[in-house]
Amino acid sequence: MTTFPVALAHDLPPGRVQRAFAGGRDLVLWRSASGRAMAWDNRCPHRGMRLSHGFVRGERLACLYHGWQYGTEAACAHIPAHPDLAPPATIRAAAYDLAEAGGVIWVADEGYADPPDMPLAVMPLRSLTFRCDLATLAWACGLEPAPLLFLPEHPSLVIAPNPLGPDRTEAHVLTAPLHAADRIAAIHQTEALRRLAEEAAG
Amino acid sequence: MSREHALDDWYPVADTVLPQIRATRLLDTDLSVAWDGETASVTGPDGTAYPAEIRFDHVWTCLGPAPRPLFGIEEADQPGRRRVPCGGVRVRCSPLRAVENFLDIAHFPYVHTGILGAEPHTEVFPYEVKIREEVDEVWATKVSFYQPQAAKSAGGATDIRYEYRVPHPMAAVLYKTCPPRPSEWDVIAIFVQPVSETVCIAWPWMALFDDTSSQAELVQFQQEIFLQDRSILENQIPAGLPLDPRMEIPTRADLTSVAYRRWLKRRGALYGALTEAE
């Protein structure tokens, strides 16, 4: 059981649906109108459609294919083809535990999400994908792989890395509170890190 | 095994709209198809000549030793009908998923919004499905649905009646209320060319009573609908069509799909299918 950082919380406003990955699992990540974030298997149990193409209606996620709606507990709540039918409780999306900590959304591939202790007073900067493995990304930072990478040469930057495979790693980057000009410099630093890591990966 | 069964069916490999030489692939075999406006030939990579038959404005071929007869569509030759081959659309999905989607009406309000369906008219009313044993075909009858713009020739919203017919594992025919001629059916078919188990080319074809729309408008209408379907078909997981009832959950609206899956299994038509839960 591992907990993965899948997105920056501010990139998932209410009503948004997107695809995410946690330890090889293909997930739909969405946030209801009232602000609850959810991570489920990216597959509608009805006909296998990726739920990440779906849309949010209030506190429910609807599948794009036939409009089946799932509530925040992942149970099917409405089947439009049979509007008067109460869907059987057995129709559910497979849900994963999710926690929001330090501006990052964390998802466990099984069991409970257990995010690392987050530094206080961090702000989200950006998410970007490195075309290399986690070890190479950490090497470019001058570090060993860890759930949080505190950059020795750039003390205001923290990276939460999410390994997606041998040639892809997501980096969710946080900073100390910075002035606008310093934020832009921090963005350039993340680009430089990515170039360094990707060159090393060949 | 599954490919072996599939080899003895006929499949479309080109349309006959214009003379052409076309490199394509069928059941994982590369083919060269030539159509000169009068005759067609189909050749394999080693020079093998396969049979070529012209039917429904397409070139059909069969790679196997014992071809099963190719089905007919009576309306194809009925005077007054316009026959409209709509061109091929390549889709990264199982050929069987493409056919199943063609048999589905519950998706109209969500995938073909404002054309073939619209909320709040989402209910699928009870209809009848059976396997007609004498012809070994799946039929769905007494299907009806509310449609904002059922056809190019339909002025506005109509309650449309449908019948569906599956005469071939990779082809389906839809008979649909014909807005300008209430006593006749419009005929819309999908002929699917299985490129591999997870890639296919869908060749939609129509035989309609429509004296006002141009051929280009009719093709465009059908292509727009099919491109909307493609965005679904390429995002279904798994890519193959699951025949194990534990893998996906149908409802009453899916009776045609349930019968189609059973019919495929019974027939042994498993190319593009998954038979066991993953």
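This is a predicted model: local features need pLDDT of at least 70, side-chain atom pairs count only at pLDDT 80 or more; totals for chains, interfaces and linings use all residues.
**Stop 1: two sheets in chain A**

Select strands E2, E3, E4 and E9 of chain A. They form an open sheet of four strands in the order E2-E3-E4-E9, paired antiparallel. Strand E2 (17–22) and strand E9 (95–96) of chain A are at the edges, each with a single partner strand, so one side of each has no neighbour in the sheet. Now keep E2(A) and show strand E3 (residues 25–31) of chain A beside it; six bridges join these two antiparallel strands. To pick out a facing pair, select A:Ala20, which stands opposite A:Leu27 in E3(A).

Next, select strands E5, E6, E7 and E8 of chain A. This is also an open sheet of four strands, with the order E5-E6-E7-E8 and antiparallel pairing. Here the edges are strand E5 (55–57) and strand E8 (76–78) of chain A; each has a single partner strand, so one side of each is left without a neighbour in the sheet. Within this sheet, look at strand E6 (residues 60–62) and strand E7 (residues 69–70) of chain A, which run antiparallel and are joined by two bridges. Select A:Ala62 and then A:Gln69, its bridge partner in E7(A).

**Stop 2: a loop residue in chain A**

Move to A:Ala121, in the loop between strand E11 (104–108) and strand E12 (123–130) of chain A. Its phi is near 55°, a positive value in a residue other than glycine. Is A:Ala121 buried or exposed? A:Ala121 is exposed, with a relative accessible area of 56%.

**Stop 3: where chain A meets chain B**

Show both chains. On the chain A side, 23 residues are in contact with 29 residues of chain B. The area buried between the two chains is about 2,200 Å², and carbon and sulfur atoms give 51% of it. Select A:Arg47, A:Tyr65 and A:His82: these supply 33% of the area that chain A buries against chain B, more than any other three residues.

Sorted by class, the side of chain A that touches chain B has 11 nonpolar, seven polar and five charged residues.

**Stop 4: a covered helix in chain B**

B:Glu100 is also one of the buried residues of H2(B). Select the whole of helix H2 (residues 95–102) of chain B; the helix is mostly covered, with eight of its eight residues buried. Among them are B:Arg97, B:Asn101 and B:Phe102. At the start of H2(B), show the side chain of B:Ser94: one of its oxygens reaches to within 3.0 Å of the backbone nitrogen of B:Leu96.

**Stop 5**

Select strand E1 (residues 11–15) of chain B. Five of its five residues are buried, so the strand is largely enclosed by the rest of the structure. One pair to show is B:Pro12 and its bridge partner in E7(B), B:Trp60.

From here go to B:Asp57, in the loop between strand E6 (52–55) and E7 of chain B. B:Asp57 has a positive phi of about 65° although it is not a glycine. This residue is buried, with a relative accessible area of 14%.

**Stop 6: two cis peptide bonds in chain B**

Select B:Glu119 and B:Pro120, which are joined by a cis peptide bond with omega about 5°. B:Pro120 is in the loop between helix H3 (108–111) and strand E10 (128–132) of chain B. Then select B:Ile237 and B:Pro238; the peptide bond between them is cis, with omega near -5°. The loop that holds B:Pro238 runs between helix H4 (215–233) and strand E16 (241–242) of chain B.

**Stop 7: a residue in helix H4 of chain B**

End at B:Gln223, which lies in helix H4 of chain B. At 31% relative accessibility, B:Gln223 counts as partly exposed.

Notes: Residues are numbered from 1 along each chain as its sequence is written. Chains are lettered from A and ligands numbered from 1 in the order in which they are written. Side-chain values use heavy atoms; hydrogens and water are left out. Two strands pair if DSSP finds at least two bridges between them. Contact means heavy atoms within 4.5 Å. Buried area is the accessible area (1.4 Å probe) that two parts lose on being put together, summed over both. Ala, Val, Leu, Ile, Met, Phe, Trp, Tyr, Cys and Pro count as nonpolar, Asp, Glu, Lys and Arg as charged, and the others, Gly among them, as polar. Buried means under 20% relative accessible area, exposed over 50%, partly exposed in between (1.4 Å probe, protein chains only). A polar contact is a pair of N or O atoms within 3.5 Å; within protein, one must be able to donate a hydrogen and the other to accept it, and residues adjacent in sequence count only if both atoms are side-chain atoms.
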